[in-house]
Amino acid sequence: MSYGVVLVPSTSHAIRAERVCHLAGLKVKLIPTPRQLSSNCGTALRFDWEERETVEQVLRANKVDYDEVHQLEW
Amino acid sequence: MIYFDNAATSWPKPPGVTEAMVHFLEKVGANPGRSGHRPSVEAGRIVYDAREAVAELFHAPDPLRIVFGANATEALNLALRGLLRPGDHVVTSSMEHNSVMRPLRALEEQGVSLTVVPCSPQGFLSPPDLEGALRPETKLIVLNHASNVVGSLLPVREAGQIARRHGCLLLVDAAQTAGDYPIDVQTEYIDLLAFTGHKALGGPMGTGGLVIGERVPVDELEPLKRGGTGSRSEHEEQPDFLPDKCEAGTPNAVGLAGLAAGARWVLETGVEHIRAHEVRLTQQLIDGLREIPGVTVYGGLDATRQTAVVSFNVAGLEPSEVGLRLDEEYDIMCRVGLHCAPAAHRTIGTFPTGTVRFGLSYFNTPEEVETALEAVRAIARANK
């Protein structure tokens with residue numbers, strides 16, 4: 001299964017990202033940032049890689065700043 | 001006991017506030033935003049809930065542009081000391097609380113120039129007077145939304161329009177209105193809104209914050225303090241983004257859990273509904289006090305143009321004497337004196353004696369107002 005991980009500046013951003021994605025009906029989950037990824041924040045947003053475009057659209061539409069998006073095999 | 005000191009801090013708190021704080025302490029407990037484990041994320045969610053509830057109440061588009069702090073005073077200090085530099089000009093009114101006046105007087109010492117626009121003896125500000133005080137170098141207008149002495153509502157929307165026309169920012173001190181008077185930072189052109197959590201928002205003491213609008217240059221906003229944020233931990237410099245830039249150190253998460261519950265209760269009850277009840281009580285109080293021989297009531301005497309705060313004096317008695325008798329003989333709690341607002345008392349003509357102040361809330365009743373009126377009647381009669 002292929003997952004995506006969005007890295008964000010802070011936990012406040014992570015929680016806002018989770019909230020707006022849930023409101024848009026997306027299945028996302030907050031996880032501790034995987035160790036192999038270098039991030040500013042200990043919490044990251046995990047999503048199904050197939051929904052990558054929608055997730056980024058929703059974040060941009062709600063003006064949630066994020067740093068990077070990575071693809072991970074689970 | 002009749003509690004009429006809600007303008008200082010509200011009591012009782014709305015249902016659910018205590019429970020939310022107990023829940024945080026007993027079931028969550030962790031430090032928000034510092035770790036990735038579940039209780040820490042849950043604590044972060046609770047703090048975010050407070051941000052979201054407050055944003056909804058004030059119609060602020062982005063919850064992450066709300067910076068939490070200890071109270072309205074801290075928020076006002078952040079805005080004033082964070083934005084004003086020597087050479088800047090700032091305009092305020094003569095009805096301000098010392099939470100605005102003291103930081104401004106200190107900034108004046110450092111080279112910021114200050115204009116205090118006089119208000120009417122009823123505590124109202126004329127928009128043309130305000131506009132006439134602006135200069136090309138004016139950076140900020142700062143006004144309280146309503147006076148903590150007489151409750152008079154200041155024309156913030158007009159001030160916002162004036163600020164836009166002249167290219168400066170508007171900072172509003174909403175200590176006396178947040179939670180029981182409608183506030184819309186977008187349609188009222190409020191660039192910065194300082195609020196406290198422990199008054200009409202129904203939260204505990206030690207909570208408050210600043211709503212930072214899109215027009216405010218965040219890169220020019222100097223934080224009051226720097227320190228750990230849980231983000232960008234590899235850097236020894238403060239993060240440059242909100243809210244972390246201005247939220248160094250572990251937040252009052254248990255207090256914010258209470259604030260979230262209080263603000264949610266306000267949203268569910270409806271600000272207009274809360275306001276309508278308070279307008280009725282306030283007019284009943286004003287009308288009743290005015291009928292008592294020897295009693296002077298201050299302000300506009302029209303509940304629709306003020307908040308649920310009524311200041312008065314009894315001829316021949318010091319405010320402190322009236323307050324003591326109300327407390328000890330009638331079990332009625334109020335606040336007497338200058339209410340941390342010497343400028344406002346000079347404006348309404350009650351400096352340095354001060355006034356007796358009743359501050360009502362949604363939880364007060366017409367029966368309590370009637371009981372208080374009888375008490376003031378008895379005190380005034382005995383003194384004749």
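**Helix packing in chain B**

Colleague: Is the crossing where H9(B) passes H11(B) left-handed or right-handed?

Modeller: H9(B) passes H11(B) in a right-handed crossing. Right-handed means the near helix is turned clockwise from the far one by less than a right angle; anticlockwise is left-handed. Helices are DSSP runs of H or I, at least four residues, and strands are E runs of at least two, numbered from the N terminus.

Colleague: Where do these come from?

Modeller: This is a predicted model: local features need pLDDT of at least 70, side-chain atom pairs pLDDT 80 or more, while totals for chains, interfaces and linings use all residues. Residues are numbered from 1 along each chain, chains are lettered from A and ligands numbered from 1 as written, and side-chain values use heavy atoms, without hydrogens and water.

Colleague: At what angle do the axes of H9 and H11 of chain B cross?

Modeller: Roughly 120 degrees, for H9 (residues 319-330) and H11 (residues 366-382) of chain B, and the axes come within 11 Å. Axes are lines fitted to C-alpha atoms over the stretch in contact, with angles from 0 to 180 degrees between N-to-C directions.

Colleague: Which residues of H9(B) make the contact?

Modeller: B:Val322, B:Arg325, B:Leu326 and B:Tyr330. Contact means heavy atoms within 4.5 Å. Among their partners in H11(B) are B:Ala375 and B:Ile379.

Colleague: Switching to H8(B). Why does its length agree with expectation?

Modeller: At 1.5 Å times one less than its number of residues, the 20 residues of H8 (residues 271-290) of chain B should span 28 Å, and the end C-alpha atoms are 28 Å apart.

Colleague: Which residues of H8(B) are buried?

Modeller: Among them are B:Ile274, B:Arg275, B:Glu278 and B:Leu285. Buried means under 20% relative accessible area (1.4 Å probe, protein chains only). The cover includes H2 (38-58), H7 and H11 of chain B.

Colleague: And how close do the axes of H1 and H7 of chain B come?

Modeller: Within 8 Å, crossing at roughly 145 degrees. H1(B) passes H7(B) in a right-handed crossing.

Key: Buried means under 20% relative accessible area, exposed over 50%, partly exposed in between (1.4 Å probe, protein chains only).
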